[in-house]
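Here is a short tour of some local features, taken one place at a time. Keep the sequence and the model in view as you read.

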Amino acid sequence: MRIAILADVHANLEAFRACLDHARARGAERFALLGDLVGYGASPEAVIEIAMALVAAGALALLGNHDEAAVSGSAAGMNDMAALAISWTRRRLTDAQRSFLAALPLTHEEDGRLFVHADASAPGRWRYVSDALTARRSLEATDAQMTFCGHVHRPALYSLGETDKVNTFTPVCGVPVPLARGRRWLAVLGAVGQPRDGNPAACYALLDTARGEVAWQRVPYDIAAAAAKIRAAGLPASLADRLFLGR
Amino acid sequence: MPLRGRTIDGFEVGEVLHEGGMALLYRVSRPDDDTPLLMKVPRLRAGEDAASIVSFEMEQMIMPRLAGPHVPRFVAMAGFETEPYIVMERIEGAALSLRLREVPLPPDQVATIGAAIADALDDLHQQHVVHLDVKPANILFRPDGTAVMVDYGLAHHDQLPDLMAEEFRLPYGSTPYMAPEQVLGIRHDPRSDLFALGALMYQLATGETPFGEPQHLKGVKRRLWRDPVPPRRRQDAIPPWLQEVILRCLEVSPDRRHPTAAQLALDLRHPAQIALTARAERRRRDDILTVLRRRLRPEPLVPRRLDTAGRIAAAPILAVAIDLSQTTDELAALLRSQVQKMLASRPRARLACLHVLRGAAAAGAGDEAAQNRHVQCLLELRHWAAPLNLAQGRATFHVLEGADAAEAILDYARANRVDHLVLGARENSLSRRLLGSVSGQVAAEAPCSVTVVRRRRAGEGDHGPAGSD
């Protein structure tokens, strides 16, 4: 089975749609949304509606820190720009959308695969997995052979093997990496809606469970449209500008 | 538990073919399959170095990705969750290590073997893999002479996690061939394999390894500053061109080696066209002061990070086919300007200039007239290339012989791993109709990109004069 794993959509409807179409065209039969459906972008309602429909059809969706903030209204720990976007988002959501977000779980585990928005050692603390050290902390907190997380907006693949050394790798777009069963793996997805690795194309991953392979995908989308909506909504212009740069 | 006699995942396990330091090789077979097969099983004894497990995982990641005649065909594998193994095609030919009994070999044999190995390395590099353990035991030959590289336990794949990067230690037994940058832990440069091949050719040509067989890291590091005894000092019979090639491979800085395995193979197949430098005539090692200076102020060895395929793209082999009898001056100039443009952006590209002697001229090869015609063609090719002002050794000149020009050009491109062919279209539509289109056939069947150069004719397309760009 092919599972499309998407994280950090951040209310970017154009990027979200492009990734879903891309994944379906490549045979994805299941979808996993790893949190942060909202925040930063200007289409939170439409993105949540799509997510609700996917979940109704069997998809997995998890809570991210921006989703949590949009529900609670507390933007503690966020920078000004993110906090501003959250308060804007909060005003737009319907009750149904808000309760959908509020009900999302922090983690999900199935068949030796753990899904989580950020560091698995304390999922509600929203710590970044950004290097070998933080990857080890997350890997040591679980027995799952594969962990998938987002939150960092930059793709990376870590693994821990027989010699207890953490291997770090930057995935190459479209090249499937076999996740050898003798090792434990931590795959950090790039962001669908706000990539920060210098590549503005939307990013998600396709997991082929039969082959035990995961491939990061980059999908071009209508950045101009997404950026125009951010500006029209009166959100900070830099949130629109950064989409073009992938920073 | 001995595996012999058992059936694992449908494979009947036969006798042990080889006991290596890291793994055992068994003969295996399966019903209704005549392919000769072997099963590689890692040694997993108590206290065994855990790095050998990582090495086996690496090989399991890489082998299923590889294809082609220079790699044993991958058949099946199982991971460490059960009984780990890889089943692959068993190569029937002998390992190069058997030839070591006969060293020193004659120079032409060294070149033939070296070119075959360079072909295999080029193929691996094109598939994103640096082998990093090129040594006689890891090179087998198929009955037709095709070299096959085995053992990918230390290899690096530039699109997959490099599990061995954190496990660095001296691969025991391979130290005679290891590149200096590899000693320092740099694992992504395909030219490390060219160094190893240079060390191997040195051994084949002289009977000695260039740096001895050091057992400790300190001894292996000496090659960073201590140059080897020039091969011709050890063996008088070694011609200057072979020493040139070997010592270029053994340059400490990867930038001074051949840019690609394909370019190395091209040299080894055309010894007469190798540009000789001071390396070719060297008769003694560098003096102690030079060595000291190198030791105190070593060259920076960290190469620019280019992926393997990008490195090859930066140093392609271009071939231009010039039909000397048919090409007008105007078309010759157009071909030249096309080639010039292609070379300008890639200073490490090589150019092979080809002409095909056809039919009767080729049939009479051997007599004096044919010989003269051949020499005259070479002179004309050089004359054509002269305005390009290429450094010596950057261009080579080849008069091919064959009844069918397109076939001759295609054969050359295949044998020499040409990346891009350039040729002119016949101007005269009558001869094109009578003889068929060489460029058309080449474009259709070439194993690489093809650029066909044609003068823009008045009334066909643009209204401006030809060559007005």
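B:Asn389 is found in the loop between helix H14 (368–385) and strand E13 (395–401) of chain B. Helices (H or I, at least four residues) and strands (E, at least two) are DSSP runs, numbered from the N terminus. B:Asn389 is exposed, with a relative accessible area of 69%. Exposed means over 50% relative accessible area, buried under 20%, and partly exposed in between (1.4 Å probe, protein chains only). B:Asn389 is not a glycine, yet its phi is positive, at about 55 degrees.

This is a predicted model, in which local features need pLDDT of at least 70 and side-chain atom pairs count only at pLDDT 80 or more, while totals for chains, interfaces and linings use all residues. Residues are numbered from 1 along each chain as its sequence is written, chains are lettered from A and ligands numbered from 1 in the order in which they are written, and side-chain values use heavy atoms, with hydrogens and water left out.

**Backbone and loops**

A:His151 also has a positive phi, of about 80 degrees, although it is not a glycine. A:His151 lies in the loop between strand E6 (146–149) and strand E7 (156–160) of chain A. A:His151 counts as buried, because its relative accessibility is 5%.

In chain B, the peptide bond from B:Val103 to B:Pro104 is cis, with omega near -5 degrees. B:Pro104 sits in the loop between strand E6 (85–89) and H2 of chain B.

B:Asp323 belongs to the loop between strand E11 (317–321) and helix H12 (329–344) of chain B. Its relative accessibility is 19%, so B:Asp323 counts as buried. The side chain of B:Asp323 makes a polar contact with the side chain of B:Ser325, at 3.0 Å. A polar contact is a pair of N or O atoms within 3.5 Å; within protein, one must be able to donate a hydrogen and the other to accept it, and residues adjacent in sequence count only if both atoms are side-chain atoms. Neighbours within four places in sequence aside, B:Asp323 is in contact (heavy atoms within 4.5 Å) with B:His355, B:Arg358 and B:Arg426.

| Helix pair | Angle | Axes apart | Crossing |
|---|---|---|---|
| H7(A) and H8(A) | about 170 degrees | 8 Å | right-handed |
| H2(B) and H8(B) | about 160 degrees | 8 Å | left-handed |

Axes are lines fitted to C-alpha atoms, for helices over the stretch in contact, and angles run from 0 to 180 degrees between N-to-C directions. A crossing is left-handed if the near helix is turned anticlockwise from the far one by less than a right angle, and right-handed if clockwise.

H7(A) and H8(A) are therefore roughly antiparallel (an angle over 145 degrees). Their contact includes A:Ile223 and A:Ile230 of H7(A) and A:Leu239 and A:Phe244 of H8(A). The contact residues divide into 9 nonpolar, no polar and 2 charged. Here Ala, Val, Leu, Ile, Met, Phe, Trp, Tyr, Cys and Pro count as nonpolar, Asp, Glu, Lys and Arg as charged, and the others, Gly among them, as polar.

H2(B) and H8(B) are likewise roughly antiparallel to each other. Among the residues making their contact are B:Ala111 and B:Asp119 of H2(B) and B:Leu264 and B:Leu268 of H8(B). This contact has 10 nonpolar, 2 polar and 3 charged residues.

B:Ala111 is part of helix H2 of chain B. B:Ala111 counts as buried because its relative accessibility is 5%. Beyond neighbours within four places in sequence, B:Ala111 is in contact with B:Trp241 and B:Leu268.

Definitions and conventions: Parallel < 35°, antiparallel > 145°, perpendicular 65-115°, else oblique.
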